[in-house]
Structure formats: C-alpha cells, structure tokens
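Here is a short briefing on a protein model with several chains. Look over the sequence and the 3D view before reading on.

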There are 4 protein chains.
Amino acid sequence: MLEKLKERVYKMNMMLPKNNLVTMTSGNVSGRDVETGYVVIKPSGIPYEEMQPEDMVVVDLNGNIIEGKWKPSVDTATHLYIYRHRSDVNGIVHTHSPYATSFAALGKPIPVYLTAIADEFGGPIPVGPYAKIGGEEIGEAVIKYIGRSPAILMKNHGVFTIGKTPEEAVKAAVMLEDVAKAVHLALLLGEPEEIPEEEVKRAHERYMTKYGQN
Amino acid sequence: MLEKLKERVYKMNMMLPKNNLVTMTSGNVSGRDVETGYVVIKPSGIPYEEMQPEDMVVVDLNGNIIEGKWKPSVDTATHLYIYRHRSDVNGIVHTHSPYATSFAALGKPIPVYLTAIADEFGGPIPVGPYAKIGGEEIGEAVIKYIGRSPAILMKNHGVFTIGKTPEEAVKAAVMLEDVAKAVHLALLLGEPEEIPEEEVKRAHERYMTKYGQN
Amino acid sequence: MLEKLKERVYKMNMMLPKNNLVTMTSGNVSGRDVETGYVVIKPSGIPYEEMQPEDMVVVDLNGNIIEGKWKPSVDTATHLYIYRHRSDVNGIVHTHSPYATSFAALGKPIPVYLTAIADEFGGPIPVGPYAKIGGEEIGEAVIKYIGRSPAILMKNHGVFTIGKTPEEAVKAAVMLEDVAKAVHLALLLGEPEEIPEEEVKRAHERYMTKYGQN
Amino acid sequence: MLEKLKERVYKMNMMLPKNNLVTMTSGNVSGRDVETGYVVIKPSGIPYEEMQPEDMVVVDLNGNIIEGKWKPSVDTATHLYIYRHRSDVNGIVHTHSPYATSFAALGKPIPVYLTAIADEFGGPIPVGPYAKIGGEEIGEAVIKYIGRSPAILMKNHGVFTIGKTPEEAVKAAVMLEDVAKAVHLALLLGEPEEIPEEEVKRAHERYMTKYGQN
C-alpha cells in the first residue's frame with residue numbers, strides 16, 4: 001500500500017546522508033498520505049545504505065502499525081503528534097545536523113542575519129525546550145514553539161523541520177544546516193546586524209511567489 | 001541557439017556543487033555572448049543534478065527571454081545590470097559559499113593576509129551594502145563597490161564574482177571560498193599581518209603574467 | 001583461520017576512512033574470537049585502500065602472532081591489555097578523529113550536552129592521562145578511566161572505543177566524532193547546560209532497550 | 001625519459017586533491033631522480049583531473065627544461081633550491097591546505113600537542129618568514145628554517161614538505177593538515193600541554209623504527 005509515498009519518503013530519507021545531515025542510523029523523514037491519513041516513516045536503526053522503499057513503515061495517527069516488517073522510528077510519536085495538530089503539515093524531518101545542533105545545544109535561536117534565512121524561513125529559527133525522546137513531549141514542544149517557521153531547534157537535542165510535503169521538509173532541513181553553518185562562522189568573527197523585520201517579510205514573500213518554476 | 005555557450009555555462013554551474021559552494025538550488029552562473037550581447041543563465045530553482053545544457057535560459061540585456069523553457073534565475077536582473085555597466089565582464093557567479101558568506105554576513109572585507117589573495121585577487125576582497133534581491137539594487141551595489149576586484153561580498157547575503165569568461169568568474173568563486181576559509185581559521189587564532197600593498201601589486205602582476213600555460 | 005571474523009574486522013576497519021575518522025594509515029580496529037580467545041587486528045602501516053580481509057593479523061592475548069603475513073598494529077599491546085581485563089569487550093577501535101582529538105589534546109571530557117550523548121554513551125566521555133604508545137601504559141589507562149563508557153579520550157593523543165563486538169566499537173567511534181563536533185561548535189558560541197544525571201540514565205536505558213530492531 | 005618517476009610524481013600530485021589539500025590548480029609535488037639529478041615536477045596551472053603522467057616536466061637542477069610540453073610549476077625555483085641544498089631530499093610538496101595555512105598566515109609554529117606530531121614530525125612544525133614566490137627566496141627560507149622537520153609553514157603563504165621520496169613528502173603534507181586541524185580545534189577550546197621534548201624524541205624514534213612493515 002501507499003507505494004508511491006513510500007518511494008518518496010525513502011528518497012527523502014536518503015537525502016539526509018547525501019547532504020551530511022545524519023550519522024550512522026540517526027535522523028528520519030516521514031510523510032502523510034492526505035487521503036487515508038496514514039503516515040509513512042523510516043524504520044528504527046536500519047542503516048541508510050541498506051534501506052529500501054519497502055522497508056518504510058506505515059502507521060496510523062495513533063501509532064498503530066498498519067503495514068511494515070520493521071519497528072518504526074523511535075521518534076514516531078513526535079511525528080504523529082505534529083501531524084495530529086497541524087493539518088497543513090504532510091512531511092516531517094528530524095536530524096542532529098552539526099551546525100544547527102550547536103545552536104540547539106545552547107538553546108539559541110538563529111536570527112535573520114542572511115537573506116537566505118529571510119527567503120527560506122521568513123523569520124528567526126525558533127528554539128524549543130528540552131523534552132524527552134520517545135513520548136509526546138517533543139511533539140508538544142514543537143507545536144508550541146515552531147509558529148510559522150518550517151524549522152525548530154530542540155534544546156540539548158537537534159532539529160525538526162516540517163513542510164506541506166516530505167520534499168519541502170527535507171529542503172528546510174538542508175537549508176537550515178547551510179545557514180546555521182554560515183551564521184556560526186560569522187558569530188566567531190563578530191556580531192552580524194539583523195535584517196529588519198519588514199524587509200524579512202518582503203524578501204520571504206518575494207521568495208515564496210517568485211522563486212523557482214510554476 | 002548559442003549551444004556552445006550554453007554548454008560552457010552549464011558546465012560552470014555544475015562546478016558550484018562540485019566545489020561545495022552551493023546547497024540545493026542556490027547559486028548561479030551566467031555568461032555573455034560577445035557577438036549578440038545575449039546572456040545565458042541558469043534557470044530558477046532547478047536542482048543541479050537534474051539540469052542539462054538545454055535548460056539554460058537565453059535573455060537579452062533588458063531581461064527579455066530570447067529562448068528557454070524555464071524562468072531564468074531570480075538573480076538575472078543583477079547579472080544583467082553588471083553586464084550593462086562592465087563591458088569587460090562576460091561571466092558572473094553568485095554563491096552563498098559558507099566561509100565567504102560569514103564575512104559577508106558581518107560586512108567585513110577580507111584583507112590580503114595570504115599570497116593566494118594577492119595572486120588571485122590583487123587586493124582585499126571588498127564588501128557591498130545590504131541590497132534587495134530581485135531588482136537592480138544588488139547590481140548597482142556590485143558595480144559601485146567591486147572596483148578592480150574579481151569578487152565582492154554582499155552584506156547579509158553572499159558572494160558575487162566576475163570575469164572575462166564564465167570560467168574565470170567560477171575560478172574566482174572557488175578560490176574566494178578557499179582563501180576565506182584559511183583566513184577565517186587564522187582569525188580564530190590571532191591577527192595576521194597584511195602583505196604590504198606594493199608587494200601585493202608585484203605578486204599579482206607576476207601571477208597574471210607568469211602562472212599557467214600560454 | 002577465523003575467516004569470518006577477519007572479514008568483519010576488515011569491514012569495520014574500512015568504516016574508519018569511510019566516516020573520515022582516520023588519515024593515511026592511522027587508526028585501527030580489532031575483534032576477539034570468543035571461542036579461541038584469539039584477536040584479529042589490522043596490520044601496521046598498510047593503506048586502507050590496499051588492505052584485504054586476508055591481511056588481518058591473528059594474535060593470541062599475549063601478542064604472539066598466530067597467523068598473518070604482516071606485523072600487527074603498533075597499538076596491539078593496548079588492545080590486548082584491554083581484552084585481558086574486560087571479558088565483556090570483544091571489539092576495540094582507535095582513531096585520531098579530529099573533533100574528539102581536540103578534546104583529547106586538552107584532556108577535557110565531553111559532558112552530556114546532547115540527547116545523542118545520553119543515548120549512545122550513557123554519561124560524559126571520560127579522559128585518560130598521557131601514556132606512551134606501544135607498551136601496556138595506554139591499555140592500563142583505558143581500563144582505569146573508561147568505566148562504563150564505550151569511549152575514552154586519551155590526553156595529547158586520541159580516541160579508544162570498546163564494544164561487545166567490533167561493530168559496536170566502530171559505532172561508538174563514529175558517534176563520538178559526531179557528538180564531539182556538535183559540542184565543539186556549541187562551546188565556541190556559549191556554554192550548554194548539561195542534561196541532569198537522572199534524565200541521562202533514563203534516556204540511555206530507553207535507547208538501549210527501545211532503539212532499533214530486535 | 002624517467003617514465004617511472006613521472007608516474008610516481010603524477011600519482012603523488014593526485015594525492016593532493018584526493019586528500020583535500022589543494023583547490024583548482026594550486027599545489028605541486030616534485031621528485032628527484034638520484035642518478036641523473038633531474039627533477040620531475042607538475043606543470044603550471046593544469047587542472048588535476050586533466051593531468052596525465054606524460055604532462056610532468058623534467059628539469060635539471062638549474063631550471064633548464066630537459067623534457068616536457070608544458071611550462072613547469074611557478075614554484076620550480078623553490079623546489080630546485082631545496083634539492084641543491086639538501087642531498088637527502090628527493091621529494092617536495094607545496095600546498096595551501098587550510099588548517100596548516102591558518103597557522104602559516106599568522107607565522108605561528110605548531111607545538112607538539114599530540115602524539116601524532118611527535119611520531120610523524122619529531123618536533124614542532126617550524127615557520128619561515130614571508131618570501132616572494134617565483135624566485136629563490138622561498139627556497140632559502142625553507143633551507144634556513146626547516147631544520148630536521150619534514151614540514152615548514154611559510155608566513156602569509158602556506159606549506160612546504162620534504163622527504164627522502166615524493167611519497168614521504170606527500171605523507172608529511174597529508175599528516176600535517178590532519179594534526180593542524182586537531183590542534184586548531186583544540187586551541188579554540190583551551191591551551192594544550194606540550195609533550196615534553198624527551199618524550200617526543202623517544203616517541204619519534206619508536207615510530208621511525210617500529211611502525212609499518214619492513
């Protein structure tokens with residue numbers, strides 16, 4: 001079932017090691033099927049290079065396994081909580097990508113120091129508090145603190161990104177690490193000026209409507 | 001039309017991910033055909049790995065699309081402004097390469113701390129002010145502040161490089177990130193002495209006339 | 001003899017360059033055969049890309065060469081000392097992976113600043129004193145200071161990791177560099193709060209029992 | 001002529017991009033033929049990926065081209081000066097590898113903070129003064145300041161390494177960047193203790209006589 005979505009979620013999971021966002025078996029991507037409401041997610045602890053589309057696990061929004069030969073990601077409860085509370089979200093990514101995680105470790109948001117942050121994120125990258133892995137605590141914190149951002153840093157932990165599709169959530173995860181690196185390097189040499197809020201809005205709007213093909 | 005230039009501009013665009021200067025669909029390279037005055041540029045938001053030479057877009061100096069199935073880069077107006085004001089420039093590159101962008105974020109020029117900077121750039125890498133993406137503001141700022149340098153850092157944004165050919169502009173973009181990294185790492189441990197201006201001139205002149213094959 | 005273990009130890013050695021933990025011929029992995037008590041270890045100074053499973057050297061716990069055309073790793077005495085004093089350990093890894101080694105250079109432990117450290121290591125990464133390479137001094141220091149951690153930083157030197165299998169020890173070495181990088185980057189921007197000891201215990205226990213497939 | 005040495009020097013040049021020590025056409029390796037005294041060196045400004053063994057240039061110790069279709073490296077005079085003054089040296093490498101170059105930019109030596117430095121280099125990595133590229137000034141400074149080290153940092157410039165063979169010189173260049181990175185990262189977090197001179201001597205001696213195969 002959901003073979004196309006499994007293929008897409010598989011491909012998006014493979015984007016994580018390809019973009020150096022994960023190590024060994026860490027990180028995960030899920031996608032929601034809008035019709036059935038089922039969620040396709042990476043299995044727990046399976047090496048990326050051994051994974052195939054058919055290894056993806058299908059769960060319902062309460063975490064019941066609908067199909068799959070493996071246990072789903074230990075972060076499944078977090079993904080499901082977010083899906084249940086954000087009907088606009090159909091793709092979620094979790095990573096410990098190192099530059100973004102360095103801000104997460106400190107509980108420091110990433111201000112809009114770069115046009116790329118205005119364009120992709122439309123505002124500062126927010127931070128959520130420390131929350132226990134495995135239950136619903138992380139999902140609750142993500143929902144509470146992410147606002148309109150496609151990305152959030154979880155204190156002492158790492159990154160969650162969301163999107164209208166798994167592809168969008170993965171793009172946010174990749175671009176987040178990119179801007180986190182440039183901002184980190186800048187902060188080592190000085191304190192950049194923030195782009196004013198008005199201009200951030202304008203730039204983000206332009207990017208969302210003018211960038212790319214129709 | 002302009003099949004050879006499209007092939008060259010395509011190849012030079014592919015040098016950006018190959019040298020880790022760009023992420024996802026960011027960055028772009030263009031080239032000007034001296035005879036027709038037309039400019040060949042990367043399409044907007046197309047992943048590098050899916051791009052082919054025939055996807056390059058041909059525009060005239062006023063931004064009218066002459067040929068191409070895609071919308072051109074959102075930075076096209078910037079490229080065209082530079083071409084219109086610098087008849088010596090036939091290749092332009094834009095990136096957010098991380099080490100160079102860390103200086104750009106701060107609005108900090110890169111002094112001539114290394115022989116490689118004297119050789120390739122003939123002086124400090126200048127900085128332009130914050131300018132809005134999409135219109136002519138960035139082009140104006142590049143023209144105003146780049147002087148005789150092949151590279152400029154745009155505040156809170158990233159890098160533009162220029163050259164007599166797309167190949168030269170790409171070389172400048174690659175070498176800029178290289179020296180930006182070494183200088184950044186040096187600044188974390190101390191304050192290097194600048195190479196005196198006279199010596200920078202001598203070294204640059206030697207490099208421009210003696211380096212490489214005829 | 002021990003062809004299967006040689007294959008596994010070979011594969012685990014090849015994980016070191018694949019994960020950028022070693023340079024040239026540095027680093028090594030060994031595995032103990034529980035039945036015979038023999039240890040299979042990397043030969044000394046052979047480039048990874050030229051190595052084959054049959055190049056692995058078989059030694060007994062006193063360092064006598066049982067089989068092999070090459071001299072074993074110069075760190076063999078260290079590995080053997082650890083095997084003789086820790087019957088629960090059947091895999092050992094040594095690297096100079098750069099971020100972990102930067103902590104080792106300073107003799108600084110890595111506190112539990114990240115959930116990934118709680119999960120994988122169950123506590124701070126301890127540090128052992130400077131000890132001479134080649135004899136038993138390093139083995140003694142590892143045994144004395146590693147406690148229940150799967151990894152230890154050796155002052156002015158590098159990293160040793162241990163596991164119930166060579167695969168587990170390699171996973172610890174890879175994850176150690178991963179968390180060392182994120183923590184290093186965080187420390188450049190501030191001082192993270194440690195995750196409280198109780199919570200570290202809970203998280204580690206959960207990870208050890210719930211993560212992955214059965 | 002000297003086909004075997006050309007093959008070896010070619011292969012060693014290719015080790016530079018493979019180990020991320022060079023960018024575009026920067027860096028070079030040469031080797032001396034002990035019998036004829038001729039030196040085989042990389043051509044100037046040829047991209048690594050296009051280079052073949054037959055592109056190597058053969059020069060005599062005074063810089064006369066003995067064979068080759070290309071101009072030799074602009075650093076040829078430096079290599080030749082070193083060969084004329086160090087009969088024990090038959091291989092030389094030049095790079096701008098970024099971590100080592102960050103120390104070079106500052107004119108800062110690298111102290112023996114790591115066993116890997118004691119092992120490979122037998123002492124601190126020395127620094128030479130700023131010297132003009134292209135003439136004999138760099139060669140003179142290398143000879144004056146390198147002492148018994150296989151590597152030297154040239155102020156505001158980069159790295160030269162020497163060896164009994166091109167292979168040895170390349171190993172020194174690769175290991176130098178490796179230890180420069182670990183030391184750089186350590187210095188960002190504190191000030192490591194140096195390994196005492198006596199112990200450095202002992203460790204280096206052991207490494208030179210016990211490491212690797214006979």
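In what order do the eight strands of the open sheet in chain D lie? The order is E4-E3-E2-E1-E5-E8-E7-E6, and the pairing is mixed. Keep in mind that this is a predicted model.

**The sheet of chain D**
- Strand E4 (65-67) and strand E6 (127-128) of chain D stand at the edges. Each has a single partner strand, so one side of each is left without a neighbour in the sheet.
- Strands of a sheet pair through backbone hydrogen bonds, either parallel or antiparallel.
- Strands E7 (residues 151-154) and E8 (residues 158-163) of chain D run antiparallel, joined by four bridges.
- Within this pair, D:Met154 sits opposite D:Gly158 of E8(D).
- Helix H2 (residues 76-85) of chain D packs on the sheet. Helix H2 of chain D touches strands E1, E2, E3, E5 and E8 of chain D. Its direction makes about 35 degrees with that of E1(D).

**Where chain C meets chain D**
- 30 residues of chain C contact 30 residues of chain D.
- About 2800 Å² is buried between chain C and chain D, with 62% from carbon and sulfur atoms.
- Two salt bridges cross this interface of chain C and chain D. C:Glu49 forms a salt bridge with D:Lys18, with the closest N and O atoms 3.2 Å apart.
- Across the interface of chain C and chain D, 14 residue pairs are in polar contact.
- On the chain C side that touches chain D, helix H3 (98-106) and helix H6 (166-187) of chain C each supply at least two residues. H3(C) gives the largest share, seven residues.
- That side of chain C has 14 nonpolar, eleven polar and five charged residues.

**Chains that do not touch**
- Chain B and chain C share no contact, and their closest C-alpha atoms lie 10 Å apart.
- Chain A and chain D do not touch either, with nearest C-alpha atoms 10 Å apart.

Conventions: Residues are numbered from 1 along each chain as its sequence is written. Chains are lettered from A and ligands numbered from 1 in the order in which they are written. This is a predicted model: local features need pLDDT of at least 70, side-chain atom pairs count only at pLDDT 80 or more; totals for chains, interfaces and linings use all residues. Side-chain values use heavy atoms; hydrogens and water are left out. Contact means heavy atoms within 4.5 Å. Two strands pair if DSSP finds at least two bridges between them. Axes are lines fitted to C-alpha atoms, for helices over the stretch in contact, and angles run from 0 to 180 degrees between N-to-C directions. Buried area is the accessible area (1.4 Å probe) that two parts lose on being put together, summed over both. A salt bridge is a side-chain nitrogen of Lys or Arg within 4 Å of a carboxyl oxygen of Asp or Glu. A polar contact is a pair of N or O atoms within 3.5 Å; within protein, one must be able to donate a hydrogen and the other to accept it, and residues adjacent in sequence count only if both atoms are side-chain atoms. Ala, Val, Leu, Ile, Met, Phe, Trp, Tyr, Cys and Pro count as nonpolar, Asp, Glu, Lys and Arg as charged, and the others, Gly among them, as polar.
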